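This report covers the overall fold and the metal site of the model shown below.

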Amino acid sequence: MKVKCALCDKIEELPDDSPLAKRLRNRPIHTYLCKACYDRITERTIERLETGKYRVPHRLRNTNEDW
Ligand SMILES: [Zn+2]
């Protein structure tokens with residue numbers, strides 16, 4: 001099956017019986033990322049976790065109770 005990277009629009013060919021191809025077919029909402037973009041995202045995510053800047057403030061997490 002052909003898949004398009006959600007970030008750079010690169011078209012790649014996946015073997016129909018590969019685990020990733022099956023997952024994409026079962027969950028159409030699941031976006032495909034090519035290896036380069038996937039690695040980039042993963043690096044950024046790790047950076048965020050390490051800096052701790054993207055933690056959800058306690059105040060926002062309790063929004064439902066406050067209203
Ligand atoms: Zn890409």
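A contact here means heavy atoms within 4.5 Å. By that criterion, residues 24 or more positions apart account for 33% of the protein's contacts with a separation of 6 or more. The model is predicted.

**Fold and surface**

Four helices and two strands make up the secondary structure of the protein. Read from the N terminus, the order of elements is β-β-α-α-α-α. Of the 67 residues in the protein, 13% are buried. The accessible surface is about 6100 Å², and carbon and sulfur atoms contribute 54% of this area.

**Zinc site**

The zinc ion has as its protein donors the SG atoms of C5, C8, C34 and C37, which lie 2.3 Å from the ion. Along the chain, these donors follow the spacing C-x2-C-x25-C-x2-C. C8 and C37 link distant parts of the chain, being 29 residues apart. C8 sits in the loop between β1 (2-4) and β2 (11-13), while C37 belongs to helix α2 (residues 35-51).

The angles subtended by the four donor atoms around the zinc ion run from 105 to 114 degrees, so the arrangement is tetrahedral. The ideal angle for four tetrahedral donors is 109.5 degrees.

| Residue | Relative accessible area | Class |
|---|---|---|
| C8 | 40% | partly exposed |
| C37 | 2% | buried |

Buried means under 20% relative accessible area. C37 is at 2%, and therefore counts as buried. C8, at 40%, is partly exposed, because that class lies between the buried limit and the exposed one of over 50%.

Definitions and conventions:
Residues are numbered from 1 along each chain as its sequence is written. This is a predicted model: local features need pLDDT of at least 70, side-chain atom pairs count only at pLDDT 80 or more; totals for chains, interfaces and linings use all residues. Side-chain values use heavy atoms; hydrogens and water are left out. Donors are N, O and S atoms within 2.8 Å of the metal (3.2 Å for Na, K and Ca); water is not among the atoms, so sites may look incomplete. Four donors count as tetrahedral if all angles lie between 85 and 135 degrees; four count as square planar and six as octahedral if opposite donors are over 155 degrees apart and all others between 65 and 115; anything else is irregular. Buried means under 20% relative accessible area, exposed over 50%, partly exposed in between (1.4 Å probe, protein chains only). Accessible areas come from the Shrake-Rupley method with a 1.4 Å probe; for residues, only the protein chains shown count as cover.
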